[in-house]
Amino acid sequence: MDHKTSGDWPLPSGVWQVDDAGDWTLQRSADGQNVSPLLGQADIGKLMHARRLPAAEGAPVRQFPPEFAFDPATGAALQVPPDTAVAPPWVPPFGAHAVSDIPLPGAAGLRQASVPLKLADQRAREEHAQADASMPMPPPGKYEFFSAQFGTCAPALLALDPRKAALHAWLPATKRWLALEPESGGLLAESDLEHGAWRAELVPDFNSVLVLPTSHGLACIRPDVPSLTYVVEHVGGAPCVAAPVWFQNRLWAPLRDDDGRIRFANLDAMQTPGSDVLLDGAVELGKVGAPVAYNRMAVWPCAHGQLRLQLQPDGHVAASFTPWPEGLVPHFEFGSPYLSRDGGLWQLCFEHSRGTYVYVKLGAQSERADALAPRLCSGSFNYRFATKLKTAPWEEPEHGDDGGKNQAVMPLLESGSGNSVFGVKFATSAGLSSVLRSNERLAAQLVQDDEFRETVFHTFAVSEPWNVRLFVSENKLWAYHPLLSRIDGWNLQA
């Protein structure tokens, strides 16, 4: 057998096989797993950026490994598929930066996407127009979406239901979801974190690794889409009480041991565990919010106080818990903490003794500022009802009062550049706080709000519409809500 024209070809993208007729098929993934028979050649072609031999109209398309520029049998030049540039990963819930040893600007954990997002043909968008694309829902559940290389040359889309520990891959050619199964033995553990407290991290690679909070510790899961399998390792051996965050070049998450004590498990970018950092004493956290990290501090705001990691002058990281000042109760339902221009992170709270909302600066000092009303916040921006502001949420504008508009915008994502915010607009005739506690079905609109205009590009009606998850895949912005019948998508500017 001539190895140049038939047989197995071990390549960086996997082991490809060519038969005597010159037809190429991917046999084993780069991770060494057999390719699932459920994947058709068209799906393999899209996921692996397969090269093609020009063919006559209607003739079957012959695919070749992505490493090839020419047909090894004939020397004919191969066609490169369009859009082979690998897009940045999408890390849920808000498109955070993937793990990197290079220090990243800004704060981690806010509703701030790492990539610039702007709808294509923004001026032509209409609120009742059809979406540019749609995909079917995964099996029933509540999903988070990742887009990255998972044993693929192209970014692959994964849907994870953390509460069921279910992982599905999207097949871009046959347009269906298929479940990933454990490669050998180890099953992904479930997570019982609430929707607003959950987040994940991603270590980018050809076989990217997801780092997830679970009931058995931090899960490091390596999906392999060509084989529809995954490998998982759980680190910490105790339940995660909150989500992980990248801080001081390590992944950190708080775990609670059987004796009630909190310890922080941590991993480097290679998923190598470091020494646990222990919190003195046993503390009751109450409801836990999503973590935020900025400069030398990482904070997990909780109902009863601030769970905090602080970089010390000698270079080590110390854990502490600071109760809220007496009478203060944090409110996480209004979005992210506010990131002030001087780098402070401010959590919205309610002070019962005075019956007023206040913003409390996260950290060791209990600096606070009174607010006339709560604001919906994504990090750098906040909304006074339906008006986008970049001033501090406790500062009232000099002119105008939009309190009578009876509408509000919950910011879902800040674009990675510029002043663009994607949000969901809904009616607030019953008062903002009571609406956010309601499970009644509401009419809502998806909007893009930039420095030039507010563009309404979709309308829908569900209960809790502010729980929409936006994600990016195939240069489209997609909107998912577990109560909708499909996932709609809109083209983004290249």
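1. Basis. The model is predicted, with local features requiring pLDDT of at least 70 and side-chain atom pairs counted only at pLDDT 80 or more, while totals for chains, interfaces and linings use all residues. Residues are numbered from 1 along each chain as its sequence is written, and side-chain values use heavy atoms, with hydrogens and water left out.

2. Secondary structure. The protein contains 38 strands and two helices. These elements are DSSP runs numbered from the N terminus (helices: H or I, at least four residues; strands: E, at least two).

3. Overall dimensions. The radius of gyration is 24 Å, which agrees with the value near 23 Å that a compact globule of 494 residues would have. The radius is taken over C-alpha atoms, and the globule rule is 2.2 Å times the number of residues to the power 0.38. The C-alpha trace spans about 85 × 55 × 35 Å along the principal axes.

4. Of the 494 residues, 54% are buried (under 20% relative accessible area; exposed is over 50%, partly exposed in between; 1.4 Å probe, protein chains only). Among contacts (heavy atoms within 4.5 Å) with a separation of 6 or more, 50% join residues 24 or more positions apart.

5. Surface and charge. Carbon and sulfur atoms contribute 50% of an accessible surface of about 21,500 Å² (Shrake-Rupley method, 1.4 Å probe). The 40 positive and 55 negative charges have mean positions 4 Å apart. Lys and Arg count as positive and Asp and Glu as negative, without His and the chain ends; each charge is placed at NZ of Lys, CZ of Arg, CG of Asp or CD of Glu.

6. R263. This residue lies in strand β18 (residues 262-267). R263 counts as buried because its relative accessible area is 10%. Its side chain makes polar contacts with the side chains of D257 (2.7 Å) and D276 (2.9 Å). A polar contact is a pair of N or O atoms within 3.5 Å; within protein, one must be able to donate a hydrogen and the other to accept it, and residues adjacent in sequence count only if both atoms are side-chain atoms. Beyond four places in sequence, the residues in contact with R263 include G236, A253, L255 and V277.

7. P182. Strand β11 (residues 181-182) holds P182, which is partly exposed because its relative accessibility is 22%. P182 and T229 are 47 residues apart in sequence, yet their C-alpha atoms are 5.4 Å apart. Leaving aside neighbours within four places in sequence, P182 is in contact with L187 and Y230.
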